[in-house]
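Colleague: I'd like a close look at one part of this model, the aromatic rings. Could you walk me through them?

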Amino acid sequence: MFFGKPKQTDQSGRVPPNQNVTTKFPVLHAGNVPYYKDMTKWNLQVYGLVDEPMLLSFNDIKAFPTAETKNDIHCVTGWSRLDNVWQGVRAKDIAEKAQVKKEAGFVILHAEEGWTANLPLADFIAETSLLAYAHNGEPLTPEHGFPLRGVFPHLYFWKSAKWLRGIQFTKENHPGFWEQNGYHMRGDPWQNQRFQWD
Ligand SMILES: Nc1nc2c(c(=O)[nH]1)N[C@H]1C(S)=C(S)[C@@H](COP(=O)(O)O)O[C@H]1N2
Ligand SMILES: [Mo]
């Protein structure tokens, strides 16, 4: 791994290298936006290296304590959006309820249409990591991930899978959709970890 020197930072120190702040909320993804007609057919599967695999309904998700975080989005394509308030379930609460086994070191996030993203377990269970159902006080819109998306604000935003349907705990680190196409396995914006060689 090569830890390059940040090329530039803004004066406040709040925006990572080579990012530009926008007040817009761009919509970015591969594939199609799902529109759910019947939420009773929606579920979230939690499986892999866990003692208690779970199939959670949206009501089950809402029954977890609501957590709220405020943080900045950093997309690998170069835009950052500051001060986003998210509401959802702490990813750590899901991991605890599923009783993740000691051997687990990584997580695969499974979204609609087979889209995936991978991240280390330590990043998944970070205090600021959410499975979010609301943004700035409103339910997620279909374009931004309704009904549930990951929010891992300390990593580039491609790790924050929209339209989450599965969380799989694994021993090894399996590259997801963008990671198979050369993106970084971790993706820390402060270290400029955009591509696998960064
Ligand atoms: N399911 C899914 N989630 C995804 C993506 C995707 O293609 N599919 N793209 C990621 C990328 S690259 C970004 S920048 C953010 C964009 O989220 P937004 O459209 O809410 O701004 O979603 C991430 N989550
Ligand atoms: Mo992105």
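Modeller: Here is a walk through the aromatic pairs, with a couple of side stops. Keep in mind that this is a predicted model. If you search the whole structure, you get 13 aromatic pairs. Take W115 and F177: their ring centres are 6.2 Å apart and the planes meet at 35°, so this pair is tilted. The two come from distant parts of the chain, 62 residues apart: W115 is in the loop between β6 (106-111) and β7 (116-120), while F177 is in the segment after β11 (164-170). How hidden are they? W115 is buried, because its relative accessible area of 14% falls under the 20% cut-off. F177, at 32%, counts as partly exposed.

Now for another pair, F124 and F169. This one is edge-to-face, with 5.7 Å from centre to centre and 85° between the planes. Again distant parts of the chain are linked, since F124 belongs to helix α3 (residues 121-124) and F169 to strand β11, 45 residues apart. Both of these residues are buried.

Back to W115 and F177: they belong to one aromatic cluster, along with Y156, W158, W178, Y183, F195 and W197.

The charged end of K62 sits over the ring of Y133, 5.1 Å from the ring's centre. And then there's Y35, in the loop between β1 (20-21) and β2 (44-48). Y35 is exposed, with a relative accessible area of 55%. Beyond its neighbours within four places in sequence, Y35 is in contact with P142 and E143, and a polar contact of 3.3 Å joins the side chains of Y35 and E143.

Note on methods. Residues are numbered from 1 along each chain as its sequence is written. Chains are lettered from A and ligands numbered from 1 in the order in which they are written. This is a predicted model: local features need pLDDT of at least 70, side-chain atom pairs count only at pLDDT 80 or more; totals for chains, interfaces and linings use all residues. Side-chain values use heavy atoms; hydrogens and water are left out. Helices (H or I, at least four residues) and strands (E, at least two) are DSSP runs, numbered from the N terminus. Buried means under 20% relative accessible area, exposed over 50%, partly exposed in between (1.4 Å probe, protein chains only). Contact means heavy atoms within 4.5 Å. A polar contact is a pair of N or O atoms within 3.5 Å; within protein, one must be able to donate a hydrogen and the other to accept it, and residues adjacent in sequence count only if both atoms are side-chain atoms. Rings of Phe, Tyr and Trp (its six-membered ring) pair if their centres lie within 6.5 Å; planes under 30 degrees apart count as stacked, over 60 as edge-to-face and the rest as tilted. A charge sits over a ring if NZ of Lys or CZ of Arg is within 6 Å of the ring centre and within 35 degrees of the ring normal.
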